Amino acid sequence: MYRVETRGHTVRIYIGDKLVASHSPDAPFVEAGKGKWEALGNVARDVREGLTGLTHSQYEQGRGLLRLYGGDYSITFHITEHNGLLRLSPQRASTGLNRFRLRFPAVPGGAVYGGGAQTGDLNLRGKRVQLWVGERGVYQPHVPAPAVRVKGTKPILPAAPMPVFITEDSVGYVFESYGRAAFDFTSARSHIVSLWELPSAILIGAADSTLNLLSVVTKTTGRQPVPPQWFMEGSIIEARGGSYHAAELLEKALTSEAAITCIYIPDWTGGFDTPVGRRPFYDWVWNQETYPKLDSLIRELASRNIRTMAYINPHLSIEGRLYAEASAAGYLLKKPQGGVYISDMGGFMAGHLDLTNPTACSWFKDIVKSHVLGLGFCGYFADGGEYLPQDAVFHTGESGVRLHNRWPVMWAALNREIIREAGRTVDSVFVSRYGWIGSGTQSMVVTTGKHHTSWNKKQGLPSALSAALSLSCSGVGMSITECGGTVSYPYRRSPELYMRWMEYAAFSPCFMLVNGDARGAYIDHDDKMLDFFSRMSRVHAALGAYIRACARDNANDGAPIMRPLFMNIPECRSVKNAYMLGGELLIFPVMKDGIKTLEVKLPSAGWRHLWSGKDFHGGEHTVEVPLGEPAVFYRPDGKHAGIFEELPMKIT
């Protein structure tokens, strides 16, 4: 599969005929150095010495050992093949090395994708990408200073960044590391990867297509399971404010003949007002004052084939019953000077579950199994994996900076164990908002993170699409949008924005509508909005069998459900305003306000317009996109064409 060519101190590594790694004294594969983090309360500052190029090399072909050395430093990699991937595993390194810059060959002008849930342009070529789990567009006191800022810009970090990228010629790189990382794709001939710890391995794959490459990569990095059928076949609507409001909203929606499979109740534990809106009370037990007879409501809805979902996170409000219990038992993170670490979570104070403490995790699992799944909820939103005090003291004695990117994966793993131990893997699901490498294995479903209720390219509706497609290029094929956006400051959600977001969500793996802290329109804004929601929920429900088939392909083969167009049609890399849902549906979503018609560029193949049934040939076309009818095309000779042909009739 691979071969290593050496000449003097020059090393070139190939997979097939593709050059995937190289080293020379003038362009060393590795530069290394030492550094440390200085904790400054809830942030940390990187103090680093200069990097030294490991300019010399020595390769032992029989043992597959590549030693790189220069100055006083050296690293030895063991080169092997595993699950179809080239694996470079560090075996020995000079003591204290913990800052690294790696150089990989680049095709001049070639596109690069991945990096997790990145926003903006899908193609990362010409960009620098910071990889540190954050909360998009929201104040982030835990961002390490000063390094995540680029040229003085404010740090807007992805909810689920990942140290993974793939190139236009179907070469993929995965870095098994939880440390802070950065990609630099600004050089014409090199891709530069900076790592703040020695990775356990560097995985490299190459294939004849992107889909085949992802199949190989996800065999190692992990694939998500197929969610329960109800999760993909109708709408999930958020209801807050108590039992009366939840019941009233549901009846309004059902009267409009909406296809509803689940109600999401984030404030089932109660809530309180903060400077950024009303927030759930972080005490994961049923608040019977806010939701009297919630158990009866859940049973009644179940009898009508409507599920319920809750909200949880690994933080505990200091006024809550669970905080007192966890604090007394030593289950919470500690301050350096002793005592429980309490943080301001945006207008209220909370402690933090120590996920490195097995006893604390067992206690929390029992809480969720008893008070969430035991109450009758069929799943929950597992939020809060991004927040971690950098200077906290952990049960294992590890550093908060070292654990930061690993934290959302540990949180997801804990929730995966809860679902499994409760025997609820068939009918229940949990949704993660944050992630890192490993989320494909541990998270059942990943959202694209918090987005602003705006048309803004990097923070609003367009950013949700680019994040989903970037995740698909990173090996996470099941991601969903929190339809409508959750952050409204300084914006206010307009009816048109919400309608266009619903169009996009209807042609995605899950139609989950949220309200969050947002101001402005929701599904009960007026009769027009309610009717529109009903229509798009029925569109999504009509696609249920097709989406389930796509989810099985993702679970079995690593084929993402939502895909950039080039994954199926490589010559379409220049088409930026479209995506594929599976291999048969082509969607051009409306991502700007005031749009009546859309310019679309169809690939050279037979395509049929979903709404009119008109056949289109390849090339450029102007298509009308009235509200409720985004530009959607399907292959009339495809395996699932019958589903698409019948869809317009089913929703009338």
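Reply: What follows goes through the salt bridges, then the aromatic rings, and then a few strands and loops.

The model is predicted, so local features need pLDDT of at least 70 and side-chain atom pairs count only at pLDDT 80 or more, while totals for chains, interfaces and linings use all residues. Residues are numbered from 1 along each chain as its sequence is written, and side-chain values use heavy atoms, with hydrogens and water left out.

The structure holds 26 salt bridges, a salt bridge being a side-chain nitrogen of Lys or Arg within 4 Å of a carboxyl oxygen of Asp or Glu. One of them joins the side chains of Lys 457 and Asp 121, at 2.8 Å from N to O. Lys 457 is in the loop between β30 (445–447) and α10 (461–472), and Asp 121 is in the loop between β13 (112–116) and β14 (128–131), so the pair ties together parts that are 336 residues apart in sequence. Helices (H or I, at least four residues) and strands (E, at least two) are DSSP runs, numbered from the N terminus. Lys 457 is partly exposed, at 46% relative accessible area, and Asp 121 is partly exposed too, at 29%. On this scale, buried means under 20% relative accessible area, exposed over 50%, and partly exposed in between (1.4 Å probe, protein chains only).

Arg 402 and Glu 197 also meet in a salt bridge, at 2.8 Å from N to O. This pair links distant parts of the chain: Arg 402 belongs to helix α7 (residues 400–403), Glu 197 to the loop between β18 (190–195) and β19 (201–206), and the two are 205 residues apart. Arg 402 counts as partly exposed at 48%, whereas Glu 197 is buried at 11%.

Another salt bridge is made by Glu 233 and Arg 548, with 1.8 Å from N to O. Glu 233 is partly exposed at 22%, and Arg 548 is partly exposed at 21%. Salt bridges also link Lys 365, Asp 366, Lys 369, Glu 417 and Glu 421 into a network.

Arginine side chains also meet rings. Arg 493 lies over the face of Tyr 498, 4.4 Å from the ring centre, and Arg 573 lies over the face of Phe 566, also at 4.4 Å from the ring centre. A charge counts as over a ring if NZ of Lys or CZ of Arg is within 6 Å of the ring centre and within 35 degrees of the ring normal.

Rings of Phe, Tyr and Trp (its six-membered ring) pair if their centres lie within 6.5 Å; planes under 30 degrees apart count as stacked, over 60 as edge-to-face and the rest as tilted. Phe 175 is buried at 0%, and Phe 183 is buried at 2%. Both belong to a cluster linked by ring pairs, together with Phe 29, Phe 77, Phe 104, Phe 165, Tyr 173 and Phe 185.

Strand β37 (residues 597–602) has a covered face of Leu 598, Val 600 and Leu 602, and an uncovered one of Thr 597, Glu 599 and Lys 601. In a regular strand the side chains alternate between the two faces of the sheet. Six bridges join β37 to strand β40 (residues 619–624), and the two run antiparallel; two strands pair if DSSP finds at least two bridges between them. Lys 601 stands opposite Glu 620 in β40.

Most residues other than glycine have a negative phi. Asn 83 has a positive phi of about 55° and is found in the loop between β10 (73–82) and β11 (85–93), where Asn 83 is partly exposed at 33%. Glu 257 has a positive phi of about 65° and is placed in the loop between α3 (243–255) and β21 (260–264); at 58%, Glu 257 counts as exposed.
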